[in-house]
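Trainee: May we go through this model together? I would like to begin with the ligand and then turn to a sheet.

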Amino acid sequence: PISQVTCTAPVNIAVIKYWGKRDEQLVLPINPSLSVTLSQDQLCTRTTVAASVDFKRDRIWLNGQEQSIDTPRLQKCLGEIRRLARKRKHEEERSGDLLGCCVHICSENNFPTAAGLASSAAGYACLVQSLARLFGIDGDVSHIARQGSGSACRSMYGGFVEWTMGRAEDGSDSVAKQVAPAEHWPELRVLVVVVNAGKKAVGSTEGMQTTVRTSALVAYRAEHVVPSRQDDMKRAVLDRDFQAFGEITMRDSNQFHATCLDTYPPIFYLNETSKQIIHLVHRYNRHHGKVKAAYTFDAGPNAVLYLLQDDVPEVLALLKHFFPANANNDSERTFVRGLPDV
Ligand code: DP6
């Protein structure tokens, strides 16, 4: 007998960036962050988890390739889910027959892995969600997804999501919360401009460790910039104020990349194409005398543009005009994305 569950989880793109941990084990951030969860139709992870008494050990396959299950992060997620399941069994005196079983996990992304497209976020969110369903755990499990990959906790919810920094030492108050559902701002659109679909140079876990160790700017940012920016961003979202939303998004992306440059030795995630996209967006906005498009970049050169629905054709045409290779190259694609139905 096999019990099995399949879930999908979407990618999220931060507009206030998470960069730096205050606790490596529990994955607790040095600042709060805020993101937009994308719709699942084009960028998502699909994970099937199965449990059976016939399975001899826990195993995992990513995009069809078996991987080691013995990584600290996977073990943490599996361990936390089983601990909660045991607790529930104890409280409810239920049979909990799956508890003694090993699990097999199959996970697939429909987009390039580790290209700075938040694949770990969707991946861990999906893994934790499907394991929670398999073991019958209800309620928020974003604190478990967080321990797989920090940004994953934000993919547990749709729409506009904040990850609170929290103060508790055990991390219990560092969780994801929905600020507003996707329907709150239906005109908002996201363009993902894949500049380079290869693997990124420095992974975010390692990159942010070096930044926290060596950059004075990142400590300043966490203490003096992000707290008020997070409040301003929440207000911009609640007021559907694209001017404020766009400007804060670009400023926060720029400051995150400034902390990467302030890291010693420095980390460069943006390439020449990324910088040209930054200039193009500023020229476009200046031409219109207001913020009509906003860029943000994670730990890689790919641009994510936020804009309003009516401006999508014009911005797509501009991108095709200035970056013609992107239109005809399979590995360089522009995705147009709406917001998800929650
Ligand atoms: C630049 O969540 O991938 O995308 O917690 O070490 O797994 P770990 O890091 P990760 O970092 C994401 C960094 C970012 C900004 C963001 O998504 O907020």
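**Ligand site and sheet**

Mentor: An oxygen atom of the ligand has a polar side-chain atom of K21 at 2.7 Å, a polar contact (N or O atoms within 3.5 Å). This is a predicted model, in which local features need pLDDT of at least 70 and side-chain atom pairs pLDDT 80 or more, while totals for chains, interfaces and linings use all residues. Numbering starts from 1 along each chain as its sequence is written, and side-chain values use heavy atoms, without hydrogens and water.

Trainee: And Y18, how far is its polar side-chain atom from an oxygen atom of the ligand?

Mentor: For Y18 that distance is 2.6 Å. The backbone takes part as well: a polar backbone atom of G150 lies 2.7 Å from an oxygen atom of the ligand. On its own the ligand has 460 Å² of accessible area, and the protein covers 94% of that (Shrake-Rupley method, 1.4 Å probe).

Trainee: Which residues around the ligand come nearest?

Mentor: Y18, K21, S149, G150 and S151 come nearest, out of 18 residues around the ligand (a heavy atom within 4 Å). By type, the shell holds seven nonpolar, six polar and five charged residues.

Trainee: Which element gives the largest share of that shell?

Mentor: Helix α4, residues 204-214, with three residues (a DSSP run of at least four residues; for strands, at least two).

Trainee: T210 is in that helix. Is T210 buried or exposed?

Mentor: T210 counts as buried because its relative accessibility is 15% (buried is under 20%, exposed over 50%, partly exposed in between; 1.4 Å probe, protein chains only). Its side chain reaches the backbone oxygen of E206 at 3.0 Å.

Trainee: Now the sheet. In what order do the four strands come?

Mentor: The order is β2-β5-β10-β11, in an open sheet with antiparallel pairing (at least two DSSP bridges for each pair). β2 (12-16) and β11 (176-180) are the edge strands, each pairing on one side only. On average, neighbouring strands are turned by 35 degrees against each other, direction ignored.

Trainee: How many bridges join β2 to β5?

Mentor: Four bridges join β2 to β5 (residues 33-37), and the two run antiparallel.

Trainee: β2 is an edge strand. Why is it largely enclosed by the rest of the structure?

Mentor: Five of the five residues of β2 are buried, so the strand is largely enclosed. In a regular strand, side chains alternate between the two faces of the sheet.

Technical notes. A polar contact is a pair of N or O atoms within 3.5 Å; within protein, one must be able to donate a hydrogen and the other to accept it, and residues adjacent in sequence count only if both atoms are side-chain atoms. Ala, Val, Leu, Ile, Met, Phe, Trp, Tyr, Cys and Pro count as nonpolar, Asp, Glu, Lys and Arg as charged, and the others, Gly among them, as polar. Axes are lines fitted to C-alpha atoms, for helices over the stretch in contact, and angles run from 0 to 180 degrees between N-to-C directions.
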